[in-house]
Amino acid sequence: MTQEPKPERTSISRIIGASLVGTTIEWYDFFLYGSAAALVFNKLFFPNSDPLTGTLLAFGTYAAGFGARPLGGLVFGHFGDKVGRKRLLVLSLLLMGGATCAMGLLPTYASVGIAAPILLTTLRLVQGFALGGEWGGAVLIVSEHGSPQRRGFWASWPQAGAPGGNLLATGVLAILAAVQSDQAFLDWGWRIPFLLSGVLVMIGLWIRLSVTESPVFLEAAEQARRNSAVVRAPIARVLRDNWREVLISMGARMGENTAYYVITAFILVYLTGPVDLPKSVGLNAVLIGSIVHFATIPLWGALSDRWGRRPVIIMGALGSGAWAFAFFGLLDTASPVVITLATTVGLVLHGAMYGPQAAFFTELFGTQVRYSGASIGYQLASVVAGGLAPLIATALLKGYGTAVPVALYVAAGAALTVIATAMSRETRATGLGSVAEQPSQTV
């Protein structure tokens, strides 16, 4: 009896392209909401509040999306470990794109009253659920296709989808801000970038459907079939055997996620509020910073292949914690050039934490539970770090009238990342064997 030929393996460059395009589109959708929350949602969906309170309410719905991400990580992780990475990546893209397009069609508070913020929050939850499943699949399908010697570099490309999506979202908003009056943007212009998501999703689906499943997953599934071994609840196995790795993943995310959302989302609140600058200054600063961020993330991933994951992440955390204090002082100069420089340096330092993260988390878990383990650690941290960062930063600014407590908040998150990463084993030389679990180790 002849064996069926194995499907031709997709080249690593094509795998990276599919993951990068998909993650860029999904992060575009997710970040678009954050920018809109700072610029228009506080006026259109929460109009009966003073400006900072309206912004707090808008960022509350923003945080709700982060609250749904662990659930998405659990569900997508479970099925991703059982049926494969590729199918779940396609589903996550469809869910995210559908929710974002629907936001562009929502009636405002002036039209339907309280139903408007309820509908907005519901769609935000769908966004968070979809993104919760996206990250794990995107980085795993690249990590499990790529060569071990360059895994940090290959796996960092899906990470670059975050600044890529932010770049795309901020760029569209910046163009609209330049060609429209503030009133026209508030009346209808804000809907355009949300509706544009539908076109981007079709492009992403076409690319993602063209790649093959992870060979490491297929090998593990075949070996499990031969041994009649089935992992019925990957998440239960992760929490029983790999809870240390989950906690390390969460801690490693705290400083990175907090710093990122303060730099890219809260900056719009700070510049249009206390500094009293037009929104275009903040948008342009984030736009330029995101270009540099996008380019440097793979470089940090490559450095982690040479130096190790831990040294690069710790260096980025220490730099981000220190930079937080200079950051707001530079914003206070009200100089667009200085503000852009401050934003760019902050994002480059963030990239040192973010670039090696995909390979680092992938290497902490075995194949049969890798999607679940990496996703749950990553997404649980996103709730208390990124999801709450703009909300906490805005509340601190409102309560103290100064950005110093915000800088202390960012520095505290960075300290947690240093501690968690230092407690982990170095994973650079870890193989992604078909079914072997990596031992729980701390140092």
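Me: What should I know about the model and the numbering before we start?
Reply: This is a predicted model, so local features need pLDDT of at least 70, side-chain atom pairs count only at pLDDT 80 or more, and totals for chains, interfaces and linings use all residues. Residues are numbered from 1 along each chain as its sequence is written, and side-chain values use heavy atoms, with hydrogens and water left out.

Me: OK, charges. How many salt bridges does the count come to?
Reply: The count comes to 6 salt bridges. A salt bridge here is a side-chain nitrogen of Lys or Arg within 4 Å of a carboxyl oxygen of Asp or Glu.

Me: Which residues are linked in a network of salt bridges?
Reply: R151, D305, R309 and E363. Within that group, D305 pairs with R309, with the closest N and O atoms 2.9 Å apart. E363 and R309 also form a salt bridge, at 2.7 Å from N to O.

Me: What does the pair of E363 and R309 tie together?
Reply: Parts that are 54 residues apart in sequence, because E363 lies in helix 16 (residues 357–363) and R309 in helix 14 (residues 309–331). Helices are DSSP runs of H or I with at least four residues, numbered from the N terminus.

Me: Is R309 buried or exposed?
Reply: R309 is buried, at 0% relative accessibility. Buried means under 20% relative accessible area, exposed means over 50%, and partly exposed is in between, with a 1.4 Å probe and protein chains only. E363 is buried at 0% as well, and D305 counts as buried with 16%.

Me: And which residue forms a salt bridge with R253?
Reply: E256, with the closest N and O atoms 2.8 Å apart. Both residues are in helix 12 (residues 243–272), 3 residues apart, about one turn of the helix. R253 is buried with a relative accessible area of 0%, and E256 is buried with 1%.

Me: Switching to rings. How many aromatic pairs are found in the whole structure?
Reply: The search finds 15 aromatic pairs. Rings of Phe, Tyr and Trp (its six-membered ring) pair if their centres lie within 6.5 Å; planes under 30 degrees apart count as stacked, over 60 as edge-to-face and the rest as tilted. F153 and W154 form a tilted pair, 5.2 Å centre to centre with 55° between the planes. F153 and W154 are both buried.

Me: What about F266 and Y270, how far apart are the centres?
Reply: They are 6.2 Å apart, with 40° between the planes, and that pair is tilted. F266 and Y270 are 4 residues apart in helix 12, so about one helical turn separates them. F266 is buried at 0% relative accessible area, and Y270 is buried at 4%.

Me: Which residues form the aromatic cluster?
Reply: W135, F360, F361 and Y378 form one aromatic cluster.

Me: Now the core. Which residues touch the most other members of the largest nonpolar core?
Reply: W27, V40, F41, F45, F266 and F328, out of 102 residues in that core. A nonpolar core is a set of buried Ala, Val, Leu, Ile, Met, Phe, Trp, Tyr and Cys residues joined through side-chain atoms within 4.5 Å. There is a second, separate core of 11 residues that includes I16, A138, F153 and I207.

Me: Which residues is F41 in contact with?
Reply: Leaving aside neighbours within four places in sequence, F41 contacts Y33, A36, F46, A58, L120, W190 and F194. Contact means heavy atoms within 4.5 Å.

Me: Where is K279, and is K279 buried or exposed?
Reply: K279 is in helix 13 (residues 279–307) and counts as buried at 16% relative accessibility. Not counting residues up to four places away in sequence, K279 touches L39, A177, D182, F185, L268 and T272.

Me: And L303?
Reply: L303 also lies in helix 13 and is partly exposed, with a relative accessible area of 24%. Beyond the neighbours within four places in sequence, L303 is in contact with G308 and V312. L303 and G355 are 52 residues apart in sequence and 9.3 Å apart in space, C-alpha to C-alpha.

Note on methods
Helices (H or I, at least four residues) and strands (E, at least two) are DSSP runs, numbered from the N terminus.
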